[in-house]
Every structure is written in C-alpha cells, then in structure tokens.
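Take a look at the sequence and the structure below.

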Amino acid sequence: MFSALDLLLRRIVSHGDLTVIDSDGVAHRYGDASGSPVVARIRDRATERQLVLDPQLALGEAYMFGRLEMQKGRIYDLLELVLKNGQMHPLPRWTAIASAVRFLLRRLTQFNPVFRARRNVARHYDIDGRIYDLFLDRDRQYSCAYFETPMS
C-alpha cells in the first residue's frame, strides 16, 4: 500500500473496524475492531495515490469507476466510519498543504478574465443554429419542462 495512505488511515481511523485491501491484495486493518466491519478493496496504485492527494474527489470517483470496491458493508458505511473518526482526530499537517496547493491550482485553471470569457462564449454559443435544432424544441428550451394545460 502507498505508505502515505497507510499513514493517513492509521492517523484517522482509531474507532471502528476498517480493512482496506490494497492493489497488491494485501489487507490492512484500522481501528479498534468495534462495530460492524467495513472492507474496501483498492484496485490500482494510482487510486491509492489519488486518495492521499485529493480524498474528497478521489473516493467518490474511485467508487464510481469501480477502482474502489466494497467487499463488506456499503459505501455509506465507509463514509460514516471515516467521517466520524475524522472529526475526532486532526489530519496531518501535510494534508493542509496538499489542500492549499489544490486550491491554488484550481484558481489558476479557472482564471477567466474578460478576453477568455468572450472566447469561451464564442466557442459555445456563436455557432450555427442548426445544431440547436437537433436537440431543442421550437422555442429553444434547454432543460425545463412546461405544460400547455395545468396539471391536476
């Protein structure tokens, strides 16, 4: 297992019964074995690293794409166990640094001055109207429902 992930889980999970099976198939246990056991399997090393670098995003994406599988318990059980423990134990200092770097990078990639905003609008909206005719109704409604007669 990626050592930073192991360190993070050891630091956070002191109560409950969490087993994480790493990408090599090795089981790692966390907590005091109280409560219902939760067992999750991580399918690849990249997911192990992503869980350390951006856990809030990586956990959901890994589960959604099948790179994190629940072997025992549900994803809700895993979230409950980790979140309850996370409230009791402060995260290591390096996680705050990683969060700050993510925040700054997101700000840089989302920087949208007027010239870029104009270019984005032109690329997305200043296009031939025939494309809209393919998927919009006569009134060019995007995604709202409307009814000619009131619903009873």
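The notes below go topic by topic.

This is a predicted model, in which local features need pLDDT of at least 70, side-chain atom pairs count only at pLDDT 80 or more, and totals for chains, interfaces and linings use all residues. Residues are numbered from 1 along each chain as its sequence is written, and side-chain values use heavy atoms, with hydrogens and water left out.

**The sheet**

- Four strands form an open sheet with mixed pairing, in the order β2-β1-β3-β4. Strands (E, at least two residues) and helices (H or I, at least four) are DSSP runs, numbered from the N terminus. Two strands pair if DSSP finds at least two bridges between them.
- The edge strands are β2 and β4, and each of them pairs on one side only.
- Neighbouring strands of the sheet are turned by 25 degrees against each other on average, direction ignored. Axes here are lines fitted to C-alpha atoms, for helices over the stretch in contact, and angles run from 0 to 180 degrees between N-to-C directions.
- β1 and β3 run parallel, joined by five bridges. Two residue pairs show this: D17 stands opposite P37 in β3, and I21 has R41 as its bridge partner in β3.
- β3 and β4 (residues 68-72) are antiparallel, with four bridges. Here R41 stands opposite E69 in β4.

**Helix α2**

- Which residues of α2 are buried? T47, E48, L51 and V52 are buried in α2. Buried means under 20% relative accessible area, exposed means over 50%, and partly exposed lies in between (1.4 Å probe, protein chains only).
- Seen down the axis of α2, the buried residues fall within an arc of 140 degrees, so they line one face of the helix. The arc is that of the directions from the helix axis to the C-beta atoms.
- The cover over these buried residues includes α1 (3-12), β3 (37-42), α3 (55-64) and α5 (93-109). Contact means heavy atoms within 4.5 Å.
- D44 caps the N-terminal end of α2, where a side-chain oxygen lies 3.3 Å from the backbone nitrogen of A46.

**Salt bridges**

- Side chains of opposite charge can pair when their charged atoms come close.
- How many salt bridges does a search of the whole structure find? The search finds eight. A salt bridge is a side-chain nitrogen of Lys or Arg within 4 Å of a carboxyl oxygen of Asp or Glu.
- One of them joins the side chains of R29 and D17, at 2.6 Å from N to O. This pair links distant parts of the chain: R29 sits in β2 (residues 27-31) and D17 in β1 (residues 17-21), 12 residues apart. D17 is buried, at a relative accessible area of 9%.
- Another joins R45 and D24, whose closest N and O atoms are 2.9 Å apart. R45 lies in α2 (residues 45-53) and D24 in the loop between β1 and β2, so the pair ties together parts that are 21 residues apart in sequence. R45 is partly exposed, at 44% relative accessible area. D24 is partly exposed too, at 49%.
- D128 and R130 also meet through their side chains in a salt bridge, at 2.6 Å from N to O. Is D128 partly exposed or buried? D128 is partly exposed, at 42% relative accessibility. R130 is exposed, with a relative accessible area of 61%.

Terms used:
Polar contact = N/O pair within 3.5 Å; in protein donor to acceptor, adjacent residues only side chain to side chain.
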